[in-house]
Amino acid sequence: MASHLETELGKLRSIIIKIGGLAESQVAEAVKSVLSEPVLESKEVKKTENKIDKLDVKIDDICQSVFALQQPVASDLRFIISAMQISREIERIGDLSMSIIKLTKSIKEKHELISKFDITDIVRGVEDITVKTNECFLNMDENTIEEIFTLNTDIKSKSSDAIDNIIGEMKNNSKTVVSGTNLIIALKHFERIADHSTNVAESVYFMINAKTIKHEKFTDKK
């Protein structure tokens, strides 16, 4: 029979997998919104956001209960600390996705900018990194961690180039200023989603290796 601690840790793992899946679906909706693809009704997106917020609180409650009533050993302690950090990162991913969805509703005539500056490739990359982040936690796979780090670097580079190009376009064509400005804000939000996903990967690395890799290249630790 599993101990109370094992039961609580199992519950914690299941909730993180669930909240990660919900955030992944929110990112997918944000991508659809930017690319003008059909999205869920606003009330459904909001319902998912509320589920994420409630699960975030539940994770905190479980972690605090375990700290107060149990005596977790080193590996379990790493898992609990990481779970709290991962929960915060995922909650921010959900918030940023909602902001993107709200923002892109006001972006008109964005199609030309998106096709001209390869925006689709960038936002699909962010969608991909959130999927890999969930796989990373689910499988505790260091190979996935390396893929996430590489993908995040690629997203940053492409997004930076796209933003520079959009600014240049706005200088040359005043009609694109409003749409271009909002699109830049959306891209910066997508960048932050990729960063939060990378932070989750760092937490998973800490779970596996009892080492931190904050602000360091993954390859330096291999």
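**Helices side by side**

Biologist: Is the crossing of α2 and α3 left-handed or right-handed?

Modeller: The crossing where α2 passes α3 is left-handed (the near helix is turned anticlockwise from the far one by less than a right angle; clockwise would be right-handed). Helices here are DSSP runs of H or I, at least four residues, numbered from the N terminus. This is a predicted model, where local features need pLDDT of at least 70 and side-chain atom pairs 80 or more, while totals for chains, interfaces and linings use all residues. Numbering starts from 1 along each chain, and side-chain values use heavy atoms, without hydrogens or water.

Biologist: OK, and what's the angle between α2 and α3?

Modeller: Helix α2 covers residues 42-69, and its angle to α3 is about 165 degrees, with the axes 10 Å apart. Axes are lines fitted to C-alpha atoms over the stretch in contact, and angles run from 0 to 180 degrees between N-to-C directions. α2 and α3 are therefore roughly antiparallel (over 145 degrees; under 35 is roughly parallel).

Biologist: Which residues meet there?

Modeller: On the α2 side, they include V45, I52, I59 and F67, and on the α3 side L77, I81, M84 and M98. Contact just means heavy atoms within 4.5 Å. For the classes, Asp, Glu, Lys and Arg are charged, Ala, Val, Leu, Ile, Met, Phe, Trp, Tyr, Cys and Pro are nonpolar, and the others, Gly among them, are polar.

Biologist: And how do α1 and α3 sit, parallel or antiparallel?

Modeller: Their axes come within 9 Å and cross at roughly 20 degrees, so α1 and α3 are roughly parallel. That crossing is left-handed. Their contact has 18 nonpolar, six polar and three charged residues.

Biologist: What about α5 with α7?

Modeller: They pack at about 20 degrees, axes 9 Å apart, which makes α5 roughly parallel to α7. The crossing of α5 and α7 is left-handed. I122, V126 and F137 are among the α5 residues that meet α7, whose side includes L187, F190 and M207. The contact has 16 nonpolar, four polar and no charged residues.

Biologist: Switching topic: how many cavities are there?

Modeller: One of 30 Å³ or more. On a 1 Å grid, a cavity is where a 1.4 Å probe fits but can't get out, while a pocket is open, with protein on both sides within 12 Å along at least five of seven lines; lining residues have an atom within 4 Å of a point. The largest cavity holds about 50 Å³.

Biologist: What lines that cavity?

Modeller: G20, A23, E24, I90, I93, T130, T133 and N134. α1 (4-34), α3 and α5 (119-139) each supply at least two of the lining residues. The lining splits into three nonpolar, four polar and one charged.

Biologist: And how big is the second largest pocket?

Modeller: About 180 Å³. Eleven residues line this pocket, and Q85, N199, E202, S203 and F206 are the closest to its centre. The elements giving two or more lining residues are α3 (74-104) and α7 (177-209). Its lining has three nonpolar, five polar and three charged residues.

How values were computed: Points joined across faces, edges and corners; volume = space filled by probe spheres on them. Parallel < 35°, antiparallel > 145°, perpendicular 65-115°, else oblique.
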